[in-house]
Amino acid sequence: MNKLLENELCVVTGAANGIGRAIAERFLREGADLIVADYDVETAKKVYEGNSHVLDILQVDATKMEDLEKIAESVKKTGREVKAVLPIVGNGPQNPILEITPEEFNLTMNLNVFSAFFTVQKLIPFMSNKSAIVLISSIAGFQGGKNAIVYNAAKAAVRSMARSFTGELAEKGIRANAISPGPTETRGFTEFVKGDDEVRNGLIAQLPIGHIGQPSEIAAVALFLASDESSYVTGAEIITDGGFTNR
Ligand SMILES: NC(=O)c1ccc[n+]([C@@H]2O[C@H](COP(=O)([O-])OP(=O)(O)OC[C@H]3O[C@@H](n4cnc5c(N)ncnc54)[C@H](O)[C@@H]3O)[C@@H](O)[C@H]2O)c1
């Protein structure tokens with residue numbers, strides 16, 4: 001069977017762990033060449049160093065413009081077009097409304113919204129007809145939820161940006177879509193449930209599909225959206241939550 005991203009250059013941020021790593025690993029199996037970026041460059045090096053299809057491993061704080069420019073410079077050096085941009089970095093402190101500080105507010109917006117927007121903005125010059133943007137929102141982006149008001153709002157902005165990128169970039173032939181994962185088994189998720197088995201099992205009981213999502217299950221959706229398999233899909237959001245929001 002043909003590989004879906006053979007010789008295609010893709011950029012993944014947040015690629016050292018969790019969903020970003022699962023996406024990068026799946027894309028490599030599908031023949032992609034990658035530029036990966038993460039704050040945690042030590043882990044990224046352990047995962048990717050020595051793989052000839054990983055063209056660059058960048059230490060990047062995705063909330064800082066000068067670091068996102070490093071990604072664009074790295075792409076420029078390859079002299080190639082970018083098939084898909086996947087700004088996966090995101091997270092946020094969990095706090096009740098009355099305790100949220102301006103610093104936490106800004107950090108959450110920067111981690112989720114600024115990072116996704118400016119990663120894409122910096123890479124648009126290297127994208128063309130048949131390129132794809134895949135954003136990671138969350139079911140939090142269309143649900144209320146305790147202690148996560150800023151994260152929820154930030155993820156709502158991310159799903160909105162997929163639609164706005166679609167309209168404005170259509171003339172370049174660039175597609176843009178969002179994935180909205182539900183609970184997915186990553187370090188971010190473990191921190192969220194604070195290692196509490198009761199919370200975890202309570203969640204599993206509410207998942208019609210009967211298990212917490214695996215990062216590989218999000219990566220499969222990312223592959224669809226990044227590749228030409230989704231050539232007629234743009235401005236969409238794929239809820240990938242094991243049925244959680246329709247339980
Ligand atoms: N895990 C879930 O249940 C879940 C559900 C919905 C959406 N999401 C979203 O999926 C994305 C990935 O989450 P995850 O659970 O895999 O997280 P994770 O913590 O497992 O991995 C996140 C990666 O991003 C990197 N990172 C964090 N801050 C960074 C920064 N400022 N600059 C560069 N790199 C940075 C980390 O080093 C890490 O490698 C996030 O956008 C998150 O909001 C996760």
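Modeller: In this predicted model, Asn-7 is found in the segment before strand S1 (9-13). Its phi is near 60 degrees, a positive value in a residue other than glycine.

Biologist: What makes Asn-147 partly exposed?

Modeller: Buried residues have 20 or more other C-beta atoms within 10 Å, and exposed ones 12 or fewer. Asn-147 has 15, so the residue is partly exposed. Asn-147 lies in the loop between strand S5 (132-136) and helix H5 (149-169), and its phi is also positive, near 65 degrees.

Biologist: How do you know that the span of H1 (residues 18-29) agrees with its number of residues?

Modeller: At 1.5 Å a residue, the 12 residues should span 16 Å; the end C-alpha atoms are 17 Å apart, which agrees. H1 is followed by Gly-31, whose phi is positive, near 90 degrees.

Biologist: Which helices each supply at least two residues of the shell around the ligand?

Modeller: Those helices are H1 and H6 (187-193). Of the 27 residues around the ligand, Gly-14, Gly-18, Gly-90, Thr-186 and Gly-188 come nearest. The shell divides into 12 nonpolar, 11 polar and four charged residues.

Terms used:
Residues are numbered from 1 along each chain as its sequence is written. This is a predicted model: local features need pLDDT of at least 70, side-chain atom pairs count only at pLDDT 80 or more; totals for chains, interfaces and linings use all residues. Helices (H or I, at least four residues) and strands (E, at least two) are DSSP runs, numbered from the N terminus. The expected span of a helix is 1.5 Å times one less than its number of residues. A residue is near a molecule or strand if its C-beta atom, placed from the backbone, lies within 6 Å of it. Ala, Val, Leu, Ile, Met, Phe, Trp, Tyr, Cys and Pro count as nonpolar, Asp, Glu, Lys and Arg as charged, and the others, Gly among them, as polar.
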